[in-house]
Every structure is written in structure tokens, then in C-alpha cells.
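Here's a quick briefing to read with the model open beside you. Take a look around first, then work through the points by topic.

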Amino acid sequence: MSSQFVQRLANYLANEVLVKGLANSKAFQRMALRAHNSIESTRKAGRETMNAAMDELEKEVMRNASSSATSGPPVPPLRGVPGFFSALGKEIRKDFAGGQ
């Protein structure tokens, strides 16, 4: 019973010293800020890349849909990753259009 208490006390004290030490460390604050900025720029680049890919895929789907509507039998839906993104784009448009 007393060993648990001592362990908890040591853990608490170590956490307090560590947290306060890092909070007051300018080097740690700079490193944390650089890491945050790096993550945010990576997220932004990922969003931009995904949006560009979705736009391009939507354009391709629209071109294929308009060309297949005038030329013969129906074309089965796209398979694989392009099919997934096409369906995802349609669902997102439905969600933003209020289900229409």
C-alpha cells in the first residue's frame, strides 16, 4: 500500500517538474512551434492536393458521363480508387445540397 503511494507521489512530482521545466524552456517552445507549423503546413498541402484531385476527378466523371449519355449502352461505374472518389464526391455534394 505504501509503495503505491510513494510511486504515485514520485510520478506526480516528476510530472510537475517535467511539465514546468518544459513550459519555461524557450528551446522547447521553439521546437513545439516549429512542429506545429510543420504539421499545419502539411495538413494544408494535403487538403489542397485532395481538393485538386477531387476537382480533376469530378471533371473527368462529368466528361465521361456526358460522352456516355450520347453514345450507346450505359457504362458501369468506375472501380477502384477513382470509383471511390467519384462516389465520395457525389455523397459530399448530396450532403451539402441538403439531400437533394
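Before we start sorting residues by class, here's the rule: Ala, Val, Leu, Ile, Met, Phe, Trp, Tyr, Cys and Pro count as nonpolar, Asp, Glu, Lys and Arg count as charged, and the others, Gly among them, count as polar. By that rule, the lining of the second largest pocket has seven nonpolar, three polar and three charged residues. Keep in mind that this is a predicted model.

**The overall layout**

- The protein has three helices and zero strands, so reading along the sequence gives you the pattern α-α-α.
- Out of the protein's 100 residues, 6% count as buried.

**The second largest pocket**

- This pocket holds about 210 Å³ of space.
- It has 13 lining residues, and the ones closest to its centre are Met54, Glu58, Phe85, Gly89 and Arg93.
- Two helices, α2 (26-70) and α3 (80-96), each supply at least two residues of the lining.
- Which helix gives the largest share of the lining? That's α2, with seven residues.

**Helix α3, end to end and side to side**

- Helix α3 is 17 residues long and reaches 24 Å from its first C-alpha to its last, which is close to the 24 Å expected at 1.5 Å a residue.
- Its buried residues are Gly83, Ser86 and Gly89.

**Gly83, a buried spot on α3**

- Gly83 sits in helix α3.
- Buried means under 20% relative accessible area, and Gly83 counts as buried because its relative accessibility is 12%.
- Gly83 and Val61 are 22 residues apart in sequence, and their C-alpha atoms are 9.4 Å apart in space.

**The aromatic pair**

- Searching the whole structure turns up one aromatic pair.
- The partners are Phe84 and Phe85, and their arrangement is edge-to-face, with 5.3 Å centre to centre and 70 degrees between the planes.
- You've met Phe85 already: it's one of the residues closest to the centre of the second largest pocket.

**Val75, out in the loop**

- Where is Val75 found? Look in the loop between α2 and α3.
- Exposed means over 50% relative accessible area, so Val75 counts as exposed at 61% relative accessibility.
- Val75 and Ala65 are ten residues apart along the chain, and 8.7 Å separates their C-alpha atoms.

Methods. Residues are numbered from 1 along each chain as its sequence is written. This is a predicted model: local features need pLDDT of at least 70, side-chain atom pairs count only at pLDDT 80 or more; totals for chains, interfaces and linings use all residues. Side-chain values use heavy atoms; hydrogens and water are left out. On a 1 Å grid over the protein atoms alone, a cavity is a set of points where a 1.4 Å probe fits but cannot get out, and a pocket is an open set with protein on both sides within 12 Å along at least five of seven lines; lining residues have an atom within 4 Å of a point. Grid points are joined across faces, edges and corners, and a volume is the space filled by probe spheres set on the points. Helices (H or I, at least four residues) and strands (E, at least two) are DSSP runs, numbered from the N terminus. The expected span of a helix is 1.5 Å times one less than its number of residues. Buried means under 20% relative accessible area, exposed over 50%, partly exposed in between (1.4 Å probe, protein chains only). Rings of Phe, Tyr and Trp (its six-membered ring) pair if their centres lie within 6.5 Å; planes under 30 degrees apart count as stacked, over 60 as edge-to-face and the rest as tilted.
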